[in-house]
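Dear colleague,

I am handing over the structure we spoke about, and you will find it just below.

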Amino acid sequence: RQPAQRKGRTCIRPEVSRASTLGGFGGASAGHFFREHLQVIQRNTVNVSWNNVSLEFLPSQNYGRWFSGLLAGAIAIEKLSQISAFQGQAVEVKLYYNSRLDFILLARQLRLMDDFKDGVPRTAYRGVVTFRQGPVRIHLVPRVPLY
């Protein structure tokens, strides 16, 4: 997430973790987030036939356009309590944050990792942190681009 390594690029984070954790010991964060976040990660057990899945949206020239369209079509909400209105529905919603502190407060209420490195929230794509609550996909979006 450091600018020297980023070189203007952004990583696309998969929604389903492909990693497993060493547990509460070792690793880059020395087990810092294990109890609160990492121990609940479960590997995907559903086989995916990748030969039959279109991945044309993944190259950077396509992904940015696809993601921007996804956010443009997402339902804007003003506060966290509004998420419950969409319970059980497969919808996209977006909630804007105004500052680093605003993001941290939202992340803590949602039990997400709230750390930043070089001004970028963990798992963010262009400052947007995407996660799910059941079938509802929620995007925390910065009002002002982070980089």
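**Aromatic side chains**

Tyrosine 63 is buried, with a relative accessible area of 8% (buried means under 20% relative accessible area, exposed over 50%, and partly exposed in between, with a 1.4 Å probe and protein chains only). Please keep in mind that this is a predicted model, in which local features need pLDDT of at least 70 and side-chain atom pairs count only at pLDDT 80 or more, while totals for chains, interfaces and linings use all residues. Residues are numbered from 1 along each chain as its sequence is written, and side-chain values use heavy atoms, with hydrogens and water left out.

Tyrosine 63 and phenylalanine 67 form a stacked aromatic pair, at 5.8 Å centre to centre and with 15 degrees between the planes (rings of Phe, Tyr and Trp, the last by its six-membered ring, pair if their centres lie within 6.5 Å, and planes under 30 degrees apart count as stacked, over 60 as edge-to-face and the rest as tilted). Both residues lie in helix H2, 4 residues apart, which is about one turn of the helix (helices are DSSP runs of H or I with at least four residues, strands are runs of E with at least two, and both are numbered from the N terminus). Phenylalanine 67 is buried, as is tyrosine 63. The count of aromatic pairs comes to 8, and another of them is the tilted pair of tyrosine 63 and tryptophan 66, at 5.3 Å centre to centre and 40 degrees between the planes. Tryptophan 66 is partly exposed, with a relative accessible area of 34%. Ring pairs join Phe57, Tyr63, Trp66, Phe67 and Tyr125 into a cluster.

**Leucine 71 and lysine 94**

Leucine 71 is also placed in helix H2, and it is buried at a relative accessible area of 14%. Not counting residues up to four places away in sequence, leucine 71 touches Lys94, Val128, His139 and Val141 (contact means heavy atoms within 4.5 Å). The C-alpha atoms of leucine 71 and valine 128 are separated by 9.5 Å, although these residues are 57 residues apart along the chain.

Lysine 94, for its part, sits in strand S2 (residues 92–97). What is the nearest side chain of opposite charge to lysine 94? It is glutamate 78, 9.7 Å away, and lysine 94 is buried yet has no salt bridge (Lys and Arg count as positive, Asp and Glu as negative, and His and the chain ends are not counted; a salt bridge is a side-chain nitrogen of Lys or Arg within 4 Å of a carboxyl oxygen of Asp or Glu). With neighbours within four places in sequence left aside, the contacts of lysine 94 include Leu71, Ile75, His139 and Val141.

**Salt bridges**

By this rule there are 3 salt bridges. In one of them, the side chains of arginine 137 and glutamate 92 meet at 2.6 Å, N to O. Arginine 137 lies in strand S6 (residues 136–142) and glutamate 92 in strand S2, so the pair ties together parts that are 45 residues apart in sequence. Arginine 137 is buried, at a relative accessible area of 12%.

The side chains of aspartate 114 and arginine 108 meet in a salt bridge at 2.4 Å, N to O; aspartate 114 counts as buried at 18% relative accessibility, whereas arginine 108 counts as exposed at 56%.
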